[in-house]
Amino acid sequence: MLPVSLNITLMLTGYLLVMGFLGLGLLIMRRHPTRPWPLARRLAAEPAGRGWPALVRQVAGTALGGYMMLVAVAVGYYHGVAHLGGRFLSSAVTGPALLVGITLPAFFLTSWVATRRRR
């Protein structure tokens with residue numbers, strides 16, 4: 001039997017844990033349908049509004065949040081698991097920034113089209 005590297009073992013373990021918890025959540029939701037939760041209504045954010053400023057705010061917030069999550073995962077993996085650093089980590093931060101900069105106009109355009117279709 002071939003030895004499995006630590007990276008593959010960690011990746012598979014994480015994947016199986018996430019999928020297992022998602023499956024368990026679906027089973028629980030299926031057996032016990034949810035009822036409205038009054039606290040969730042109080043904590044829910046107000047609608048962002050209408051028009052260009054709201055759309056720009058939502059698209060920029062989504063892009064920035066996705067970028068930060070991607071960088072956190074990349075830095076956590078490459079620094080914590082693979083023990084790589086230095087220039088490699090700087091490229092792990094700047095590479096996704098370039099991708100976000102390239103794809104942000106396309107994402108904004110598709111969000112605008114989807115918003116227009118709903119009206």
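The protein has four helices and zero strands, where helices (H or I, at least four residues) and strands (E, at least two) are DSSP runs numbered from the N terminus. The model is predicted, so local features need pLDDT of at least 70 and side-chain atom pairs count only at pLDDT 80 or more, while totals for chains, interfaces and linings use all residues. Residues are numbered from 1 along each chain as its sequence is written, and side-chain values use heavy atoms, with hydrogens and water left out. Read from the N terminus, the order of elements is α-α-α-α.

Across the protein, buried residues account for 9% of the 119 residues; buried means under 20% relative accessible area, exposed over 50%, and partly exposed in between (1.4 Å probe, protein chains only). Among contacts with a separation of 6 or more, 68% come from residues 24 or more positions apart, a contact being heavy atoms within 4.5 Å.

We can now turn to α3 and α4. The axes of these two helices come within 9 Å and cross at roughly 150°; axes are lines fitted to C-alpha atoms, for helices over the stretch in contact, and angles run from 0 to 180 degrees between N-to-C directions. Helices α3 and α4 are therefore roughly antiparallel to each other, given that angles over 145 degrees count as roughly antiparallel, under 35 as roughly parallel, 65 to 115 as roughly perpendicular and the rest as oblique. The crossing of α3 past α4 is right-handed, that is, the near helix is turned clockwise from the far one by less than a right angle.

Leucine 70 belongs to helix α3 (residues 52-81) and is partly exposed, at 45% relative accessibility. Its C-alpha lies 7.6 Å from that of proline 96, although 26 residues separate leucine 70 and proline 96 in sequence. Helix α4 (residues 87-118) contains serine 111, which counts as buried because its relative accessibility is 18%. Leaving aside residues up to four places away in sequence, serine 111 touches Leu55 and Val59.

A search of the whole structure finds one aromatic pair. Tyrosine 77 and tyrosine 78 form this pair, edge-to-face, at 5.1 Å centre to centre and 75° between the planes. Rings of Phe, Tyr and Trp (its six-membered ring) pair if their centres lie within 6.5 Å, with planes under 30 degrees apart counted as stacked, over 60 as edge-to-face and the rest as tilted. Tyrosine 77 is partly exposed, with a relative accessible area of 33%, and tyrosine 78 is partly exposed at 29%.
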